[in-house]
Structure formats: C-alpha cells, structure tokens
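Student: I'd like to take a close look at one part of a protein model. Could you walk me through it once it is on screen?

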Amino acid sequence: MGWLKRKWRVLRESLFHLSLKKALALYIVLGTAITLFVIGISGSLSQDILNNLHWKYQSLAEQNAKEERSLRPGISGIGDGEPMYPEPENGTTDDESEYYGDAEFFYGQEYYLIPYEGYVNIDAEMDSMDRAIRNLMDFLQTWGPFLYIAAGVSGICISFYRNKLKVPLQILADGAEKIAANDLEFTCEYQARDEMGRLCAGFEKMRGSLRENHQKMWDMMEEQRRLNHAFAHDLRTPLTVLHGYIDFLEKYYPEGKISREKLMETLVMMDRQVLRLRRFGDTMKSVSSLEDRKAVKKLVTGAEIFGAVKSMSEALDGTGDIRIWTEQRILPEQKFHLDEELFLEVAENLLSNGMRYAKEWLQVILVEAGGFLELYVKDDGPGFSDEGLRMATKPYYRDKGETDKEHFGIGLYICRMLCEKHGGGLSVHNSVDGGAIVSAAFETKVPEK
C-alpha cells in the first residue's frame with residue numbers, strides 16, 4: 001500500500017510540473033476517451049431499456065390478444081379472419097411507415113402487428129412512467145452524444161484551469177494589487193516548473209528589482225535631505241560672519257569711527273568669507289553632478305594604472321615633508337576594464353586626504369581581487385574616531401577635533417559615490433599599528449562577448 005502511495009505521489013508531482021502544452025494535450029486525450037466511453041455506455045444502456053420496454057408490451061399485447069381470441073369462436077387459423085389495420089390519415093400508405101422489427105410507427109406512435117388481430121397501439125398500452133422513460137431514452141440516443149461532448153469539453157477546460165492556471169493567476173493578481181498599493185514586502189512563489197512557474201519567477205524578480213530601486217530612491221532622498229541639512233548648517237557660519245561685518249560697518253563707518261586700516265582689514269575678512277561661500281557652492285555643484293556621471297570603461301593594463309598612480313604620488317611627495325611610497329601587487333600585463341579618469345580622481349582625493357592627516361609617511365597599494373581593482377591608502381596619523389568610522393563617508397562630516405575650516409568634509413563622500421558608479425565601494429578602517437586605512441574598490445571584469 002505504501003508503494004502505491006509513493007507511486008501516486010510521484011505521478012501527481014510529474015503532472016504538476018508538466019508544461020502547459022503537454023498538460024493540455026493530456027487533458028484533451030483523457031477527456032476525449034472518457035467522453036467516448038460515456039457515449040458508448042449511455043447508448044448501450046438506453047437501447048437495452050428500449051428493447052426491454054418493447055418486449056414487455058409486445059408480450060402483454062400478445063397475451064391480451066390470446067385471451068380475446070379464446071372468447072371469440074370461429075378463429076382457428078390463417079384465413080379465418082382478416083388483420084385489422086388502423087385507418088391511415090391524410091392518405092398515408094404502408095410505404096410511409098417506418099419498420100422496427102415487428103413494430104411499425106405511424107405518426108410517431110408505435111404499433112405491433114399481431115396475427116389475426118391486426119395492429120395494436122403499444123403507446124396506448126404504456127403507462128405514463130414507461131412512456132416517460134422511453135421518451136427519455138429516445139432523447140438520449142438522439143441528443144446524448146452532443147450533450148456528452150459539450151460536457152466533456154467543459155470538464156477539460158475546468159479541470160485544466162483549476163489544476164494548472166487558477167493558483168498561479170491568483171498569485172500574480174494578488175502581487176499586482178500589492179504592487180499597485182506600494183507594498184513590496186511579499187514574495188511571489190509558485191513551485192511548478194512549467195510556464196506559469198517561470199512567469200511567477202519573473203514576476204518575483206521584477207518585484208525584487210522594484211523593491212531595490214524603491215530602497216535606492218528612499219536612500220537618495222535621505223542622502224539629499226542630509227546634504228541639504230549639512231549645506232544649510234555650513235552656510236550659516238560665513239553668512240553670520242558677513243552679517244556681523246556689515247552691521248559693524250553700518251554702525252561705525254558713517255560716524256567716521258573706523259580707521260582706513262580697520263576698514264581694509266574688515267573688507268579683506270569679508271572677501272575671505274565670500275571666497276569660502278564660492279568654494280562651498282562649487283563643492284555643492286560637484287556633488288550634484290555626481291548623479292549624472294557615468295563610468296566610461298576601457299581596457300587598460302596594470303602597468304598603465306600603476307604608472308599613473310606612481311606619477312601622482314611622486315608629484316605629491318615633493319610638496320612637503322610627508323614621504324609617499326607605492327607598492328604594486330598587480331601584473332603589469334594584466335588587463336582591466338576601467339574608467340581611468342574616474343579611478344585617478346578617486347586616487348588623488350584619497351592621497352590628498354591622507355597627506356592632511358599623515359605625520360611622516362603615506363603608503364599606496366594596488367591589489368586585484370575577485371574581478372575588482374582595489375586601491376589602499378594608509379597613513380601614520382591619528383586614525384579615525386569611533387564616530388568617524390561610521391560617518392567618514394557621509395557628506396559634510398568633520399571630526400569634532402578638526403580645525404581646518406577650509407575642509408568641507410566632502411572628499412570621502414565623493415570618492416564613495418565614484419566607486420559605486422564603477423560597481424565598487426569605499427571603506428575606512430584603523431590599522432592595528434596606528435593610522436587610518438582607506439580602501440577603494442572598482443569592478444574591472446572584462447565583459448564577455
């Protein structure tokens with residue numbers, strides 16, 4: 001018994017995963033076979049019932065005729081009497097009658113010819129129940145095949161819909177309603193490996209993409225909100241200073257209480273604040289343009305990349321007391337699919353940022369790992385604070401102990417955005433022996449043809 005259950009379970013699973021085309025063909029074959037079988041059985045049963053009714057009333061008519069003949073003297077054989085026939089109506093002749101064995105049909109009613117007696121109307125002899133049964137059997141023999149075919153086609157359609165289409169269509173309809181209501185926290189799963197299963201899998205992939213894009217859009221809005229907040233906060237300081245200088249000049253200059261030297265000093269300070277506002281505006285413009293920037297990749301060799309980084313490091317090495325050295329961990333002949341201009345912009349920002357905090361030296365390392373080109377910049381400075389490890393790549397972040405007012409805290413944020421444009425990312429760490437490590441990753445897989 002357990003073996004039979006296992007076989008039935010395997011068969012049901014095979015039918016469940018059957019493709020729609022094969023499943024429809026199977027339903028049509030099985031439905032046609034069942035319909036033909038029902039038509040045959042119904043025809044045979046109805047014919048048997050009709051034959052039984054015919055012989056029942058034929059025997060009854062013969063029995064009644066014998067009883068009546070026994071009561072009439074002089075009827076002993078052929079020729080003693082003439083058969084009695086019903087009077088034809090409207091000139092109907094024997095040629096217009098339809099014979100069924102020993103029975104004949106006149107005007108839709110059945111007559112049976114009894115020797116020496118003539119025709120006996122069997123319809124008149126039937127009771128109402130048998131007449132209804134005979135009419136029903138006649139109807140089934142005439143119209144039953146059409147009814148069974150219609151029922152078979154309907155059964156095939158209903159069974160195919162319920163077993164192969166109803167559940168996945170309901171899943172898709174529910175998913176569409178949830179998406180229309182901006183509810184993406186659901187899964188669209190249908191386990192069948194047929195066309196509907198693949199359709200549900202595609203719908204689930206679309207839902208995942210929509211959810212990811214929705215999350216990215218939300219993150220962008222939050223990022224923009226933080227940018228606006230930081231912009232307003234940093235803009236307030238120079239504007240406040242300018243307003244103070246203007247109030248000072250309005251109050252004392254008309255009275256002649258400001259010397260020429262003090263006036264020029266005040267104007268110089270105001271000019272510095274204006275220049276700071278201009279630089280801040282340029283920074284905001286560069287941040288806004290990041291959204292429209294695209295990574296334009298081309299094939300470059302490891303030697304070309306390292307040569308460009310080394311030249312940049314040597315140029316910065318001669319500008320101060322910070323010693324910079326580079327280390328190459330990529331093969332010179334290895335090819336990378338890279339936007340070199342974008343890469344060098346990130347490298348320049350990281351080197352400039354590292355030199356701001358380094359005490360004596362700065363180390364630059366190029367590494368290839370898993371289809372990514374990684375740039376490491378390590379310094380011997382104080383490293384990141386706990387808050388800095390979390391917030392360093394956020395826009396307009398400056399450590400609480402930072403004294404450089406010309407530094408807007410946007411460099412690492414720009415580097416992070418450019419790395420993400422290139423399919424990678426930016427991360428910050430503290431070295432175990434002191435100092436900070438900033439790593440930038442760029443996806444450099446060569447696309448397959």
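Is Ile-41 buried or partly exposed, and at what relative accessibility?

Tutor: Happy to! Keep in mind that this is a predicted model. Ile-41 is partly exposed, because its relative accessibility is 39% and the partly exposed class runs between the buried limit of 20% and the exposed limit of 50%. You will find Ile-41 in helix H2, which spans residues 20–70.

Together with Trp-8, Leu-11, Leu-15, Leu-26, Leu-30, Ile-34, Phe-37, Val-38 and Leu-45, Ile-41 makes a nonpolar surface patch of about 950 Å². Two elements, H1 and H2, each give two or more residues to this patch. Helix H2 supplies the largest share, with 7 residues.

Helix H1, covering residues 2–16, also holds Lys-7. Lys-7 has a relative accessible area of 48%, so Lys-7 is partly exposed.

To set this part against the whole, the protein has 449 residues, of which 33% are buried. Its secondary structure comes to 10 helices and 11 strands. The protein exposes about 28,800 Å², and carbon and sulfur atoms supply 57% of that area. Among contacts with a separation of 6 or more, 67% join residues 24 or more positions apart.

Conventions. Residues numbered from 1 in each chain as written. Predicted model: local features only at pLDDT ≥ 70, side-chain atom pairs only at ≥ 80, totals over all residues. Heavy atoms only, no water. Helix = DSSP H or I, 4+ residues; strand = E, 2+ residues; numbered from the N terminus. Buried < 20%, exposed > 50% of the residue type's maximum accessible area, 1.4 Å probe, protein only. Patch = residues over 30% accessible without salt bridge, like charges linked within 9 Å, V, L, I, M, F, W, Y side chains within 5 Å. Areas by Shrake-Rupley, 256 points an atom, 1.4 Å probe, with all protein chains shown as cover. Salt bridge = Lys/Arg side-chain N within 4 Å of Asp/Glu carboxyl O. Contact = heavy atoms within 4.5 Å.
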